[in-house]
Amino acid sequence: MTTELRALLRARGGDVLHSPLSDDPDHWIDHVPPTAQTVTIAIVLGGADDPDPEGAVERITRRAAALRAVALACEQLPEHVATTLWLVARPCAALPEPRVADVRLHPEDAATWGTTRSLSNEQPRPVIRRLCLHPTGDAARDAGRLAAELLDPGEEDEILLTRRGRFVPRLIEPGEHTRDLPVGSGEAYRLRVCDPGLSYTLAWEEMPMPQPDPDEIVVEVRAIGLNYRDVMRAVNLLPTEAVEAVFGGHELGLECAGIVTAVGAGVTGTRPGDRVMAAGPVGFASHTRVKAWAAVAVPEGMTFAEAATMPMAFSTVHHSLGYCARVRAGETILVHGGAGGVGLAALQYARFHGAHVIATAGTAAKRDLLLAMGADHALDSRSLHFADQVKELTGGRGVDIVLNSLAGEAITRGMECLRHGGRFIELGKRDIYQNSSLLLRPFSDNIAFYGVDVGTLMWKAPELMAESTEQAAPLYRSGDFRPLPHTVYPAARVADAFAMMRHSRHIGKVVVSFDPRDEPVAVRPQPAEPRLNSEGTYLVTGGLGGFGAATARRLALRGARHLALVGRRGAESPEAPALIAELERSGVQVRAYAADVADRDAMRRILHDLDAGGRPLRGVVHAAMHLDDGPLTDLGDDRIRAVLHPKVAGAMVLDELTRDRPLDLFVMYSSLTTVGNIGQTSYVAANLFLEALARRRSRQDLPGLTACLGALADTGVLTRSRQGEALAKAGIPPMSSGQALDAVERMLGERADVAVVGRCDWGRLRQVLPSLQRPWLSLVLPPGAEQQAPDLQALLAGMTYEQAYACITEQITGLLSAVLLVSADQIADDRRLDEYGLDSLMATELLTSIRNRFGIDIPPMELMRSGGTVADIARSLLIRLGLRGDQQPAGVLARAGGGGLNR
């Protein structure tokens, strides 16, 4: 075909030279005419495939050396010479390809494809394009199709020409394998938080139908009350101890209403068909099981959505004001956050017991609502002046009870509001988990301080909750306790419900309904866990450390009883003794082998050993790897080979030796780096080879999955270096090994051949990897990511420190104004943010806005721990941008020694 291609290009006026591949930059420079204005180099891959693994590694290395030489040559060309490099590969499965029976795949070409992906990010010249050409059997036709691409390149830089047409790739977030279930269909499903954090998503997924224990009932849920804890859990702002404090690690959902469908053998007084509401670890699901004592009959005429507003709010209020504070008629209660669910329930509870209420809220509309609902007074919760106002309203006496949900200095000011013998009820969690200090002098006035967490109470003192539930039931029936104001979202729009509460735009409660009249819910099928053979052996290369060891543990958890773990040092590997002991304690027989996975004879002996022991091989996980990063132009051939060897040669050996064996799984670990990480050309090449091999095995009806993993936080190479921190800043924050393994199991259940799991900030990553601007990644880039953001550092570089501070402060004030819904001129740069009523969820929204505006992450807990001011945030951003001033702005100096962000 190359002969026909040269003829076509010459006929179109091109000056065409033919050259063998060379690793000498001078060779390529010598082929460029001195008068050339544009140079296009087309490297057409070909030749016989080498079945020998070391031979394949050598061929990939030689091609990388040639690309290195081309890159070095282009550096020496005059700037005005436009240079383009085309890589023309044979069918190789670097991309998903149409399944054609008589087309042979060449994974070696995929490795070189990977080399050029990284090289295009490392070098501004040449512009690199990749094309995979399926031969039609007509050399002239193939040459014509290729010439058309070379002579008239478009935006696409990865192209697949097949007999069926021209294709271009797009990386996509997989359309979830969901099915629409009518609400009330009788099938069970639950809510899952995917990737908890600022960019969390929610998904419904199938679950087994719950079955009751003897003292439990099963409820078909018709409505769930959303609580701040649920949203805090989704955005990953709950400390571990806060999660574990509720039933040892309960995730979502603390109250619901619905219809009883089953009762345990020991349950009396409740039967199927009863309408009930309940508080407890009910979860966020279409069906739940709860303790029978926790269920209260829904009064006649009350809807399920109304009922779902009551259990947690009134349980909290009853325990706080009734059990702890012993409220009496005529007393005065200061209720902070009065327009929330607990605040409005407290208002009802106080009025029922003849108490007076001074409530606070963050907006005028909410304060008007509180007055309309019976509060005696309504104050601004965003101002610390409430303490002085309370004293004025009570004639200097103060209040008997403070029901507090504010943080920071507001707690001290609240304590000042108490009269002799007063009771302070702390519902907030921020200061508790931060172990904040509390001055003891006020306690000399016989006051009491209670910390209340009903979630923990339900777990550790269920008898108190049972008593509270029993006492509240008749008040629900009598109408003395009424449903709270609420906003209802159908289950299909659960994300909107979370968003509303996250932005604190609601009054009262937010409810998620499961009304049979609602729109259907998109539900993911329940992931099928791999079925492992307890009699066979599962082999893990690189299995004696890092993520390979984590994989061995997961295989054991899933039922594997016999493991063969292979590493270069075998049982002498640093992590091996502890790993083997742990696995053996769980009943797993472990064989540790010291071997090079690319050594065919050594691996054959291992398989024979397993056969001889009566535990033949049933699965393979290839986790062996070697890293040696650096720009391709700095790498010698030996360094390239060393990275390719374990992945490429090892995979070829495993593929060859296991083809005639009945395997349950054949998994290879690749990496998200195949998008083209800088400094990892060899690693990307090896990983793309594994992707191609998995696609080839799938085409041959052999088990094969290449799982491309993002950065891992708790195991592997990133835990031993600062590379993890660098990746996070670049846009690849780490995930846990457990999350990665969960995803691999889902991939196996869906019979995927190549799939990616990882956390990516594509907008930020695009700024680091120029080739991400190419069309093949366009569908995962956030809207507007293709537009270059202003170079903030360049803008600030021309300013004095005072000018930069003023610029940043103005922008932060604007962002804060949008979050707080107050005008910017009401925000002072030296006032603590919590004095404006900024809660944890608002802080999350602010930090998300800061990240989007400035491309800089401030850890949420850093802002919440300090209280912070606009000045503190501005100073923190300037430091992160590398800007420091000998003389800082007066607004910052005025608070020296205060609670800044960067102490």
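**Cavities in the model**

Okay, let's start with the second largest cavity, which has a volume of about 100 Å³, where volume is the space filled by probe spheres set on grid points joined across faces, edges and corners. By cavity I mean a set of points on a 1 Å grid over the protein atoms alone where a 1.4 Å probe fits but cannot get out, and lining residues have an atom within 4 Å of a point.

Quick housekeeping: this is a predicted model, with local features needing pLDDT of at least 70 and side-chain atom pairs pLDDT 80 or more, while totals for chains, interfaces and linings use all residues. Numbering runs from 1 along each chain as its sequence is written, and side-chain values use heavy atoms, without hydrogens and water.

So, who lines that second largest cavity? There are 13 residues, with Ala 294, Val 296, Pro 311, Ser 315 and Thr 469 nearest its centre. Strand 11 (275–279), helix 9 (311–324) and helix 16 (462–478) each give two or more; helices here are DSSP runs of H or I, at least four residues, and strands are E, at least two, numbered from the N terminus. Helix 16 gives the most, five residues. By class we get 10 nonpolar, three polar and no charged, counting Ala, Val, Leu, Ile, Met, Phe, Trp, Tyr, Cys and Pro as nonpolar, Asp, Glu, Lys and Arg as charged, and the others, Gly among them, as polar.

Now the largest cavity, at about 130 Å³. Of its 14 lining residues, Arg 554, Leu 555, Val 744, Glu 745 and Leu 748 are closest to the centre. Helix 24 (737–749) is one of the elements supplying at least two residues, and helix 24 gives the most, four. This lining does have charge: 10 nonpolar, one polar and three charged.

Notes. On a 1 Å grid over the protein atoms alone, a cavity is a set of points where a 1.4 Å probe fits but cannot get out, and a pocket is an open set with protein on both sides within 12 Å along at least five of seven lines; lining residues have an atom within 4 Å of a point.
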